[in-house]
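Thanks for taking a look at this one with me.

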Amino acid sequence: MNKQKKSIFEMDIDELKEYCVGLGLPKYIADQVLDWVYKKHQLSIDKMKNISKKNQAVLAEHIDFNIFKNVQSVTSEEENAIKSSCVLEDGNFLECVVLKEKNYNTLCISSQCGCPVDCKFCLTGVVGFKRQLTASEIVKQVVYAFSINQPITNIVFMGMGEPLLNADQVFKAIDMLTHPKLYNISKRNITVSTSGFIKGIEYLKKHDRVVNLAFSVGSADPIKRERIMPVEKRNPIVDFVKVLKEYQSQHNRKLTLEYTLLEGVNDTDYDIKSLINLAKYLNAKINLINLNPHKKIPYKPVSIDKIHAIQSVIKKQKCAVTIRYKKGQDITAACGQLGESYLN
Ligand code: SF4
């Protein structure tokens, strides 16, 4: 990117208006540009017909409309997932996945390049931390999905990274994506996933951020949890859950417990009973995810019969439970599998 140019995707409405005024353009130009970019999905300045040629030239000189340096997209065999590996300006990668449902599309987006949290069942954890993503790089993942004719209605922050370790940029991006003049995505259709950072929930409370949360449990038993999720050391689940419960009682938004099943590790009767108790305490839905195996991950998934047996045990206890099926596993786009670009 030309160093003097500012990316259109790093500016919210007020910032863009101010920038336009600074360029000697009228404020209303900002509204016109946003309408072209976010409503009409037009990223070529010379095709923004209601902007004069003279003003187009000023915008072209000072604003960058590019998304990523390079993108490689692969579609899963069943055509229900598209994984995109996107090269950033500094050569780092991010990955995002369109998950196609019958009537809507969800985008699983990344909040960091790699991840410092090191959950032992996650490929992104194997990659390690490279750097934080900016709000602009987060927004661009959605812009890219629209540019390949995949209109996005739902967003899950379950790609690479721990979103609550990059909360300022994540919530700036959420404010942009939900703004009526931009994509106007419903806040109720956005879920932020966390591996359990106490400071992250305190951030939400302090900044009065109301959001659907997904909590990656790993194990409800602290000793087992520490083995597979080192985050447990500094953020004991017992303390985290207290803070989470308080947050939930203030808002009444959806809470999901994500539970990645690892054969012989967290799949015993005791493990499932502990999970059920946790779900009841937090009034949360349980989402069972069978491990997506990979040669770099030292665990195995449970059998199909086992996952269904676990589901019926949970149902009998009158807890809401779903099984997340492995959309996009053949293109390593399934849960916990992002980050391959770094390993190849
Ligand atoms: S599961 Fe999430 S928090 Fe844990 S290592 Fe993977 S990306 Fe990071």
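The points below go from the cavity and its ligand to the sheet.

1. Please keep in mind that this is a predicted model. The volume of the largest cavity is about 440 Å³.

2. What lines this space? There are 30 lining residues, and those closest to the centre of the largest cavity are Phe 121, Cys 122, Met 158, Ser 193 and Ser 216. Two or more lining residues come from each of α4 (123–127), β10 (190–194), β12 (255–261) and β13 (285–290). By class, the lining counts 13 nonpolar, 13 polar and 4 charged residues.

3. Where does the ligand sit? You will find the ligand in the largest cavity. Around the ligand are Cys 115, Val 117, Asp 118, Cys 119, Cys 122, Thr 124, Gly 125, Gly 159, Gly 161 and Ser 195. This shell has 4 nonpolar, 5 polar and 1 charged residues.

4. Now for the sheet. It is open and built of 10 strands, with mixed pairing, in the order β3-β4-β5-β6-β9-β10-β11-β12-β13-β14. The edges are held by β3 (70–75) and β14 (321–324); each has a single partner strand, so one side of each is left without a neighbour in the sheet. From one strand to the next, the twist averages 20°.

5. Strand β3 pairs with β4 (residues 81–87) in the antiparallel sense, over 6 bridges.

Methods
Residues numbered from 1 in each chain as written. Predicted model: local features only at pLDDT ≥ 70, side-chain atom pairs only at ≥ 80, totals over all residues. Heavy atoms only, no water. Near = heavy atom within 4 Å. 1 Å grid on protein atoms, 1.4 Å probe; cavity = no way out; pocket = protein on both sides within 12 Å on 5 of 7 lines; lining within 4 Å. Sits in = over half its atoms within 2 Å of the grid points. Nonpolar A, V, L, I, M, F, W, Y, C, P; charged D, E, K, R; others polar. Points joined across faces, edges and corners; volume = space filled by probe spheres on them. Helix = DSSP H or I, 4+ residues; strand = E, 2+ residues; numbered from the N terminus. Pairing = 2+ DSSP bridges. Axes fitted to C-alpha atoms, helices over the stretch in contact; angles between N-to-C directions.
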